[in-house]
Amino acid sequence: MIGGVKGRISVLGSFLAVVLVVAGTAVAQTTDEEEPGHGEQKHTTAVADETGLSEAEVEALRADGAGWGVIRHGAALAAAAGMSIEEAIAQIEADEVKGKPPWAGPKPGKGPAHVAEAKALGIPPGHWKQANRIAGATGLDADDLLALKSEEVGWGQIRKAAELSVSDGLSLTDALEQVQATPDD
């Protein structure tokens, strides 16, 4: 009886070994093939989406030897300097880019949106962020709050005036006068 059990275990072990080898071969064959959205095509699509280039343009630049990062940076430089991407890539590869490169800052659609908006308005990003935070909490206009800040009023007083304006129905100017007249505790 014991010999029969050992024989069955040996046959079962051999069977499992064959199943594992066949399954491993099948898995290896499916992973060797490139699936859509993976590998080179995935990078091509991503770079095209980020840069505004067509996938064909990205593929042509890659065929000419440009790396993924060089293509991204070249597109940013080309847009900033008003040149072709080929010219931009040539400048990058020749290390001719002077000053802060256009790809050093936040990418469009990436990073804090308030930075780009603040720069467009010519104010510090921290002021834009603080004014919008207070405006969001009180329902007041962020531009009115920024106007107070430009008059050298501190953010603490602006926040208190905004809260007082909303709670007591005062104008922002009247609320600020009350806040400034009240000694700090």
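The protein has ten helices and zero strands. Read along the sequence, the elements follow the pattern α-α-α-α-α-α-α-α-α-α. The model is predicted. The protein has 185 residues, and buried residues make up 22% of them. Among contacts between residues at least 6 apart in sequence, 27% join residues at least 24 apart.

## Helices α2 and α3

Two packed helices are described by the angle between their axes and the distance between the axes. For helix α2 (residues 39-51) and helix α3 (residues 55-63), the angle is about 115° and the axes are 9 Å apart. The crossing in which α2 passes α3 is right-handed. On the α2 side the contact is made by E40, Q41, T44, T45, V47 and A48, and on the α3 side by E55, V58, E59 and R62. Sorted by class, this contact has three nonpolar, three polar and four charged residues.

T44 is part of helix α2. T44 has a relative accessibility of 2%, under the 20% cut-off, and therefore counts as buried. Leaving out residues up to four places away in sequence, T44 touches E55, V58, E59 and W68. E55, V58 and E59 also belong to the α3 side of the helix contact.

The loop between α2 and α3 contains L53. L53 is buried, with a relative accessible area of 15%. Apart from neighbours within four places in sequence, L53 is in contact with A48, V58, L61, I71 and I85. L53 and I85 are 32 residues apart in sequence, while their C-alpha atoms are 9.4 Å apart in space.

## The nonpolar cores

The largest nonpolar core has 17 residues, of which A131, I134, L145, W155, I158, A161 and L172 touch the most other members. Two or more residues of this core come from each of α7 (125-138), α8 (142-150), α9 (155-168) and α10 (172-181). Helix α9 gives the largest share, five residues. Apart from this core lies another, of 15 residues, with V47, W68, A78 and I89 among them.

L172 touches L140, D144, L145, L148, A161, A162 and S165, not counting residues up to four places away in sequence. L145 and A161 are also among the core residues that touch the most other members.

## T138 in helix α7

T138 is placed in helix α7. This threonine is buried, with a relative accessible area of 16%. A polar atom of the T138 side chain lies 2.8 Å from the backbone oxygen of I134. Once neighbours within four places in sequence are set aside, T138 is in contact with A162, E163 and V166.

## Loop residues and a partly exposed helix position

D141 lies in the loop between α7 and α8. D141 is partly exposed, with a relative accessible area of 41%. D141 and A131 are ten residues apart in sequence, and their C-alpha atoms are 8.5 Å apart.

E152 is found in the loop between α8 and α9. Most residues other than glycine have a negative phi, and most peptide bonds are trans. E152 is not a glycine, yet its phi is positive, at about 70°. E152 has a relative accessibility of 72%, over the 50% cut-off, and so counts as exposed.

A90 lies in helix α5 (residues 85-93). At 41% relative accessibility, A90 counts as partly exposed.

| Residue | Relative accessibility | Class |
|---|---|---|
| T44 | 2% | buried |
| L53 | 15% | buried |
| T138 | 16% | buried |
| A90 | 41% | partly exposed |
| D141 | 41% | partly exposed |
| E152 | 72% | exposed |

Terms used:
Residues numbered from 1 in each chain as written. Predicted model: local features only at pLDDT ≥ 70, side-chain atom pairs only at ≥ 80, totals over all residues. Heavy atoms only, no water. Axes fitted to C-alpha atoms, helices over the stretch in contact; angles between N-to-C directions. Helix = DSSP H or I, 4+ residues; strand = E, 2+ residues; numbered from the N terminus. Left-handed = near helix turned anticlockwise from the far one by under 90°. Contact = heavy atoms within 4.5 Å. Nonpolar A, V, L, I, M, F, W, Y, C, P; charged D, E, K, R; others polar. Core = buried A, V, L, I, M, F, W, Y, C linked by side-chain atoms within 4.5 Å. Buried < 20%, exposed > 50% of the residue type's maximum accessible area, 1.4 Å probe, protein only. Polar contact = N/O pair within 3.5 Å; in protein donor to acceptor, adjacent residues only side chain to side chain.
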